[in-house]
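Keep the structure open while you read.

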Amino acid sequence: MRKQEWLEAIKVIYPVTIGFVPLGMACGMVLYDAGFSPLSILLMSLLVYAGASQFMVASMLVMGATVPAMIMMTFFLNLRHVLMSSSMSTHFKNSSIPMIFLYTHSLADESYAVNYNQFHNHEWSETKALKTGLIPYVVWGISTFVGGIIGSNLSINTTIMNYVLIAMFICLLVMQFVSPLFLVVGIVAGFFSVVLMILLKHNIALVIAAILASFVGFFIDQYLTSKKGAVSDES
């Protein structure tokens, strides 16, 4: 049964997992270029497991950002995983705490999307969902480790990775535009980032911009909700 579940998990997640290999290797090379050893890259991938954040940490480290700034940015960048985990909680009501911990730790955008679709359109279970999350998790860790080893033995110009990084962040940003409000918040965050970077000339400006944009989005959402409620009362 367990073997069958692994096979079913591989069947639904392999397209995503294949994409993790080159991206993970690129991430490993960029992290090595930023000063990480292959072993520390593997450890980081297993503990953090956040591709965009790992690319971001490498970029911020090269720019001389402080550790608190990197932790704060990683926190905000992955804050969406709290909502993802919450939306999956109904499917893990009878699961043990260690299993829930393992699933939430191995949660990624891609595995969440696959599991969400499987739970809503097919017969799926929490054990299959866990395996669907663990497969890309392991592949990502190995890929970044291999990328670190390649980076330590070959001199590869990673300048192109800067463009890959920007393209990936743009994709992640576009994926968040599920409503006009998110688009407004994204524009506000970009505006604050540019202005504060000019004024402060420090990466902490990005953290402040993210917080300010979150508050702007919150107040806009509250205003729209209250306005919608007032219209409903009048009708």
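1. One term before we start: contact, or touching, means heavy atoms within 4.5 Å. With that in hand, look at Thr74, which touches Val48, Ser53, Met56 and Val57, leaving out residues up to four places away in sequence. Thr74 sits in helix α4 (residues 67-77). Helices here are DSSP runs (H or I, at least four residues), strands are runs of E (at least two), and both are numbered from the N terminus. Thr74 is buried, with a relative accessible area of 18%. Buried means under 20% relative accessible area, exposed over 50%, and partly exposed in between (1.4 Å probe, protein chains only).

2. Some ground rules. This is a predicted model, where local features need pLDDT of at least 70 and side-chain atom pairs count only at pLDDT 80 or more, while totals for chains, interfaces and linings use all residues. Residues are numbered from 1 along each chain as its sequence is written, and side-chain values use heavy atoms, with hydrogens and water left out.

3. Now the big picture. How many helices and strands does the chain have? It has eleven helices and zero strands, so the pattern along the sequence is simply α-α-α-α-α-α-α-α-α-α-α. Of the 235 residues, 37% count as buried. Among contacts with a separation of 6 or more, 74% are between residues 24 or more positions apart.

4. Next, helix α7 (residues 109-121). Its 13 residues reach 18 Å from the first C-alpha to the last, close to the 18 Å expected at 1.5 Å a residue. (The expected span is 1.5 Å times one less than the number of residues.) Buried residues in α7 are Asp109, Ser111, Tyr112, Val114, Asn115, Gln118 and Phe119.

5. How do helices pack? Two packed helices are described by the angle between their axes and the distance between the axes.

6. On the α7 side, the contact is made by Ser111, Val114, Asn115 and Phe119; on the α8 side, by Glu126, Lys128, Ala129, Thr132, Gly133 and Pro136. These residues divide into four nonpolar, four polar and two charged. (Ala, Val, Leu, Ile, Met, Phe, Trp, Tyr, Cys and Pro count as nonpolar, Asp, Glu, Lys and Arg as charged, and the others, Gly among them, as polar.)

7. Zoom in on two residues of α8. Leu130 lies in this helix and counts as buried at 12% relative accessibility. Setting aside residues up to four places away in sequence, Leu130 touches Met99, Leu102, Tyr103 and Ser106. Thr144, also in α8, is buried with a relative accessible area of 0%. Leaving aside neighbours within four places in sequence, Thr144 is in contact with Gly24, Met25, Cys27, Gly28, Ile41 and Ser45.

8. Not counting residues up to four places away in sequence, Ser106 touches Tyr49, Ser111, Leu130, Gly133, Leu134 and Tyr137. The C-alpha atoms of Ser106 and Ala50 are separated by 9.6 Å, though the two are 56 residues apart along the chain.

9. Last, Tyr49, found in the loop between α2 (38-47) and α3 (51-62). Phi of Tyr49 is near 45°, a positive value in a residue other than glycine. Tyr49 counts as buried, at 5% relative accessibility.
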